[in-house]
Amino acid sequence: MLAREKNNGLEKISENEIKSLRLHSEFQHERNSDCEEGFWIFRLSKNGRVVGKINRNIFYILAIDSKFKLYDHG
């Protein structure tokens with residue numbers, strides 16, 4: 001997944017690259033600190049992106065960016 005082309009696959013970005021994502025208070029206080037640094041992005045071609053965080057073998061879906069506005073897709 002990491003080696004796929006830009007429009008598909010998986011990428012990791014730093015937390016300061018996300019523009020306007022608000023985390024639910026329960027996630028922020030109880031789960032976020034157990035997750036890896038940064039956000040993982042599933043690229044779904046021209047349909048959008050799924051933004052999440054990873055804690056060991058759990059992927060938390062935090063947002064679906066169908067309008068490509070959560071971060072710079074350059």
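**View 1. Overall fold of the protein chain.** Among contacts (heavy atoms within 4.5 Å) in the protein chain between residues at least 6 apart in sequence, 48% join residues at least 24 apart. This is a predicted model, in which local features need pLDDT of at least 70 and side-chain atom pairs count only at pLDDT 80 or more, whereas totals for chains, interfaces and linings use all residues. Residues are numbered from 1 along each chain as its sequence is written, and side-chain values use heavy atoms, with hydrogens and water left out. Of the 74 residues in the protein chain, 36% are buried, where buried means under 20% relative accessible area, exposed over 50%, and partly exposed in between (1.4 Å probe, protein chains only). The accessible surface of the protein chain is about 5,300 Å², and 46% of that surface belongs to carbon and sulfur atoms; accessible areas come from the Shrake-Rupley method with a 1.4 Å probe, and for residues only the protein chains shown count as cover.

**View 2. The aromatic pair Phe27 and Tyr60.** Rings of Phe, Tyr and Trp (its six-membered ring) pair if their centres lie within 6.5 Å, and planes under 30 degrees apart count as stacked, over 60 as edge-to-face and the rest as tilted. By this rule there are two aromatic pairs. In one of them, the ring centres of Phe27 and Tyr60 are 5.2 Å apart and the planes stand at 75°, so the pair is edge-to-face. Because Phe27 belongs to helix H1 (residues 25-30) and Tyr60 to strand S4 (residues 58-65), the pair ties together parts that are 33 residues apart in sequence. Phe27 is buried, with a relative accessible area of 7%.

**View 3. The aromatic pair Phe42 and Phe59.** With ring centres 5.0 Å apart and planes at 70°, Phe42 and Phe59 also form an edge-to-face pair. Phe42 in strand S2 (residues 39-44) and Phe59 in strand S4 are 17 residues apart, and the pair links these distant parts of the chain. Phe42 is partly exposed at a relative accessible area of 29%, and Phe59 likewise counts as partly exposed, at 25%.

View 4. Phe39 lies in strand S2 and, at 5% relative accessibility, counts as buried. Leaving aside neighbours within four places in sequence, Phe39 is in contact with several residues, including Glu11, Ile13, Ile18, Leu21, Val51 and Leu62. The charged end of Lys53 sits over the ring of Phe39, 4.9 Å from the ring centre; a charge sits over a ring if NZ of Lys or CZ of Arg is within 6 Å of the ring centre and within 35 degrees of the ring normal.

View 5. Strand S2 and strand S3 (residues 49-55) pair in the antiparallel sense over four bridges, where two strands pair if DSSP finds at least two bridges between them. Arg43 stands opposite Arg49 in S3. Four residues lie between the strands of this hairpin, in which Ser45 takes a positive phi near 55°.

Technical notes
Helices (H or I, at least four residues) and strands (E, at least two) are DSSP runs, numbered from the N terminus.
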